[in-house]
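Open the model in your viewer and keep the selection tool ready. Each stop below tells you what to pick and what is there.

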Amino acid sequence: MEASVSKSLSRVGSFITALVLVLALSSCGYNTIPTLEEQAKAKWADVQNNYQRRADLIPNLVATVQGYAKQEKDVLTSVIEARAKATQVRIDASQLSDPEKLKQFQDAQNQLSGALGRLLVVSENYPDLKSNQNFLALQSQLEGTENRITVARRDYIEAVRVYNTELKTFPGVLWASTFFRSNKPMAEFAANDNAQTPPQVKF
């Protein structure tokens with residue numbers, strides 16, 4: 001009888017010890033690094049989704065402009081080529097700790113942004129195009145998408161900042177150096193070279 005009671009107490013003691021250990025691990029930050037990593041990956045998926053949305057709008061925009069401005073072949077071609085390059089450079093979540101891969105992605109997207117900017121400037125020379133309902137709708141969708149990209153990038157940068165900080169500060173640094181040694185800091189977007197140059201305003 002005493003042996004049975006002793007076994008029962010031993011099991012209860014083991015269960016309580018395991019419960020205390022689980023609660024201690026969860027309260028002291030063991031789950032923080034994986035949680036923040038998954039949040040940053042989700043924010044990256046939002047960034048990619050919005051860039052894809054922009055890429056999907058471009059063929060219709062180019063076709064609409066082409067209908068009014070066939071002679072702008074160089075500009076149209078540069079947009080098509082930049083779109084092709086931008087859609088080829090992809091980064092999956094496992095490559096987010098590689099700054100060079102992120103730079104390649106960012107460079108391709110910046111090249112596409114520049115080509116789109118030139119296309120929209122060209123449209124100013126064609127009053128019929130500027131008043132075309134399809135063009136206006138596409139331009140509005142493109143502007144909305146650019147805003148979404150800006151927000152998605154900002155959210156990703158913040159998620160990465162929080163994740164990277166957790167890897168370097170206490171108590172996260174303890175978990176990073178023991179259980180999460182394979183976790184590396186994620187790369188952030190850098191301002192593009194032209195961001196430091198003030199825009200030229202012409203009247």
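**The whole chain**

Colour by secondary structure and follow the sequence: the pattern reads α-α-α-α-α-α-α. That makes seven helices and zero strands. Keep in mind that this is a predicted model.

Now show the surface. The protein exposes about 12,900 Å². Carbon and sulfur atoms supply 55% of that area. Of the 203 residues, 32% count as buried.

**The nonpolar core**

Hide the surface and look inside. In soluble globular proteins, nonpolar side chains tend to be buried together. Here the largest nonpolar core has 46 residues. Select W44, L116, L119 and Y156, the residues with the most contacts inside this core. Which elements give two or more residues to the core? They are helix 2, helix 3 (73-88), helix 4, helix 6 and helix 7 (172-178). Helix 2 provides the largest share, 11 residues.

Stay on W44 and show what surrounds it. Leaving aside neighbours within four places in sequence, W44 touches I91, L96, L102, F105, Y156 and F189.

Select residues 73-88, which form helix 3.

**Salt bridges**

Switch to charged side chains. Side chains of opposite charge can pair when their charged atoms come close. The model has seven salt bridges.

Start with R54 and E146. Their closest N and O atoms are 3.0 Å apart, and the two form a salt bridge. R54 lies in helix 2 (residues 32-68) and E146 in helix 6 (residues 133-168), so the pair ties together parts that are 92 residues apart in sequence. Is R54 buried or exposed? R54 is buried, with a relative accessible area of 0%. E146 is partly exposed, at 28%.

Move to K103 and D107. This salt bridge brings its closest N and O atoms to 2.8 Å. Both residues lie in helix 4 (residues 99-123), four residues apart, which is about one turn of the helix. An α-helix has 3.6 residues a turn, so residues three or four places apart point the same way. K103 is partly exposed, with a relative accessible area of 42%. D107 is partly exposed too, at 37%.

Then pick D155 and R154, another salt bridge, with 3.3 Å between the closest N and O atoms. D155 is partly exposed, with a relative accessible area of 27%, while R154 counts as exposed at 52%.

For the last stop, select E37, E38 and K41. Salt bridges that share partners join these residues into one network.

How values were computed:
Residues are numbered from 1 along each chain as its sequence is written. This is a predicted model: local features need pLDDT of at least 70, side-chain atom pairs count only at pLDDT 80 or more; totals for chains, interfaces and linings use all residues. Side-chain values use heavy atoms; hydrogens and water are left out. A salt bridge is a side-chain nitrogen of Lys or Arg within 4 Å of a carboxyl oxygen of Asp or Glu. Buried means under 20% relative accessible area, exposed over 50%, partly exposed in between (1.4 Å probe, protein chains only). A nonpolar core is a set of buried Ala, Val, Leu, Ile, Met, Phe, Trp, Tyr and Cys residues joined through side-chain atoms within 4.5 Å. Contact means heavy atoms within 4.5 Å. Accessible areas come from the Shrake-Rupley method with a 1.4 Å probe; for residues, only the protein chains shown count as cover.
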